[in-house]
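Please look at the structure first.

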Amino acid sequence: MKGVFDTRPVTEYDDDISRRYQFPNRYLAEAKHTENDWIIYREPRRGGGRQAYVAVARVVSIEPDPSDPDSSYAYLSDYIEFDQVVPLRDGIRYYEARLNSVISPSHIGVALQGKSVRTVSEEEFGAIVLAGFAETLHEDNPHRLDYGNSEADRVFQAFVTATPEEQKRRIAQILANRPLRDWAFRRSVVTAYRETCAVTGLRMVNGGGKAEVQAAHIRAVASGGPDIVRNGIALSATCHWLFDRHLISLRNDYSLLVAHNRVPNEFQDLFSRQLKCIHLPDNEQLWPQTAYVEWHRERFLGG
């Protein structure tokens, strides 16, 4: 069954929401229903949250907490953040039908108290996810970003031409599609960096309005890197090639590391403006996460 997990920016639990979610065993029976299926993360207002649905992930397994007999972990994969946070209701109706009986919006917190892990219907899940990926799944998106993948285009076109009800039923298939996940990741990273290469500082948009800059994972997906902006960096094609081969990397202060003995001088001229600090998103919360930067730098130094 599909589910909703409540998560807070500041929490006492041992959470890494792209990989694991710790919860008290009073939620264990409900959590077990979501095993091998998809869940949506919701941030409640308490604890500094945005009182909105913010991301989606797949529950791989539910396991006991080896250090606490009263807790368990949900281990996750395929985590991806929504294009935009989704409020609890669409117009006057709540996405979760159980909330439509609540008399006042101020009572929503009380209604969900003790339900931090809960199941939702396929209909509810589909509606929330479609709202969360409204931009990525817009029918014009492949043309604007020039994805250039015929199989992904075929899956995408079949999806966007389906009825809204059919889209809700097929949304899990879309979430598991790697090219489509790459589209969402690229859109988020390119937008965060304002279509600007982090290494050269050059903004790259062609005459048709298409962003030429690419989105690179800092920690590779094949090595467990998640599809989140903080594990991404916007780069020109040349810089992307160098970055993926660990010929350039980052220090923790976001200054640039260059393998001078292996990078041609004409390429090094591209980096001159950004050596002390790369171009970063305006929102500091979207800057590269230190753990991913250190993973990449270890391979730069090892190389």
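How much space lies in the largest cavity? About 90 Å³. The model is predicted: local features need pLDDT of at least 70, side-chain atom pairs count only at pLDDT 80 or more, and totals for chains, interfaces and linings use all residues. Residues are numbered from 1 along each chain as its sequence is written, and side-chain values use heavy atoms, without hydrogens and water.

**Count and terms**
- The model holds 2 cavities of 30 Å³ or more.
- A cavity is a set of points, on a 1 Å grid over the protein atoms alone, where a 1.4 Å probe fits but cannot get out.
- Lining residues have an atom within 4 Å of a point.
- Grid points are joined across faces, edges and corners, and a volume is the space filled by probe spheres set on the points.

**Largest cavity**
- Its lining consists of I80, F133, T136, L137, I174, L175, L180, R181 and A184.
- Helix 6 (164-175) and helix 7 (178-192) each give two or more residues; helices are DSSP runs of H or I, at least four residues, and strands are runs of E, at least two, numbered from the N terminus.
- Helix 7 supplies the largest share, 3 residues.
- The lining has 7 nonpolar residues, 1 polar and 1 charged. Nonpolar means Ala, Val, Leu, Ile, Met, Phe, Trp, Tyr, Cys and Pro; charged means Asp, Glu, Lys and Arg; the others, Gly among them, are polar.

**Second largest cavity**
- About 30 Å³ of space lies here.
- I80, E81, A184, F185, S188, D227, I228 and V229 form the lining.
- Strand 5 (71-87) and helix 7 each give two or more residues.
- Helix 7 gives the most, with 3 residues.
- This lining splits into 5 nonpolar, 1 polar and 2 charged residues.

Technical notes. 1 Å grid on protein atoms, 1.4 Å probe; cavity = no way out; pocket = protein on both sides within 12 Å on 5 of 7 lines; lining within 4 Å.
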